[in-house]
Amino acid sequence: MKIKLAKSAGFCFGVKRALSIALKTTRSSFPVHMLGDIVHNEDVVKEINASGIKKITKLRDGKGKMLLVRAHGSCNTILKSALKRGYTIVDATCPMVKEIHRIVKQAENLGRRVIIIGDKHHDEVHGITGQLKQKALIIDNPGRLPASLSKIRSATVVVQSTQNLEKALSIVEKLKEKIFDLEFCNTICKPTKIKQEEIKHIPLNNDCVIVIGSRKSANTKRLYEISRSLNPKTYWVQSQENLKKSWFKGMRSAGVTAGASTPDATTNKIIAAIKKLSRSR
Ligand code: SF4
């Protein structure tokens, strides 16, 4: 069985950058704290914990300590509270997420309502809403638009960086029917666009597809959903233990891709395991 690995598989620019900043902080003599996980991937989280960075669930006395802000960013109230407690902030927010923060703040200053297309439970969306004084509207489904939309005169729409472009565009089309002055900023990041473009071909050119990444990873979920809609023999795995021999029975080719927070080491182990399983069919 042939195995075709997607060119865009694995770490995106923002995750690489956040990890490099995180590992640099460990060279200092100060304890480093982080609220939550640096990215949504268990293998990366293990590596970060092993490097000495401590995951915390709430801010403590920060004197003499560093607070590492994750790739998804953070809201202003947390940053202000951290500074008050004495933490030194080390900001590993992805520049593409920072750009979304800049757009929403500018829109609010101009008196426009901010609409975010994204998952209201995701850290990145919390970080975006946390830049604003007013409440932003969060929409994640073209079939579930809030009734209050018709009262909005002007709005700026941004998109969580890892959302599916087609879904975002269909929501924007619906919003245009309700809001006269609508500005759409397509803030889906470039690595996500490249990955989503590539995954449109892989399922059509291979008998089955393996998508590698954490169950917590939003961008991996999107890759899985797109691939599965094109090829039902799409499987989402986090480690080689999740693979099943039966998936590869009669398959001549398997496409493989990995989410933006999946390390190459994990992908390589899984590819080696797929090779082994397909040889023993
Ligand atoms: S997925 Fe995009 S926005 Fe998120 S960290 Fe990677 S490059 Fe940045």
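Predicted model: local features only at pLDDT ≥ 70, side-chain atom pairs only at ≥ 80, totals over all residues.
Local features need pLDDT of at least 70, and side-chain atom pairs count only at pLDDT 80 or more, whereas totals for chains, interfaces and linings use all residues. Residues are numbered from 1 along each chain as its sequence is written, and side-chain values use heavy atoms, with hydrogens and water left out.

Cavities and pockets were found on a 1 Å grid over the protein atoms alone. A cavity is a set of points where a 1.4 Å probe fits but cannot get out. A pocket is an open set with protein on both sides within 12 Å along at least five of seven lines. Lining residues have an atom within 4 Å of a point. Grid points are joined across faces, edges and corners, and a volume is the space filled by probe spheres set on the points.

The count gives 1 cavity of 30 Å³ or more. The largest cavity holds about 280 Å³ of space. Its lining comprises 24 residues, and Cys 12, Val 15, His 72, Ser 161 and Thr 162 lie nearest its centre. Helices H1 (13-25), H4 (95-109), H7 (190-198) and H9 each give two or more residues to this lining. Helices here are DSSP runs (H or I, at least four residues), numbered from the N terminus. By class, the lining has 12 nonpolar, 10 polar and 2 charged residues. Ala, Val, Leu, Ile, Met, Phe, Trp, Tyr, Cys and Pro count as nonpolar, Asp, Glu, Lys and Arg as charged, and the others, Gly among them, as polar.

The ligand takes up the space of the largest cavity (more than half of its atoms lie within 2 Å of the grid points). Around the ligand stand Cys 12, Gly 14, Cys 94, Val 97, Ser 161, Thr 162, Cys 189 and Pro 191 (a heavy atom within 4 Å). This shell has 5 nonpolar and 3 polar residues, and no charged ones.

The largest pocket has a volume of about 270 Å³. It is lined by 14 residues, and Asp 119, Gln 163, Ala 218, Lys 221 and Arg 222 are the closest to its centre. Helix H9 (residues 218-230) gives the most to this lining, with 4 residues. The lining has 8 charged, 5 polar and 1 nonpolar residues.

The structure holds 0 disulfides (cysteine sulfur atoms within 2.5 Å). For Cys 185, the nearest cysteine sulfur is that of Cys 189, 15 Å away. Cys 185 counts as buried because its relative accessibility is 15% (under 20%; exposed is over 50%, partly exposed in between; 1.4 Å probe, protein chains only). Cys 12 is also buried, at 14%.
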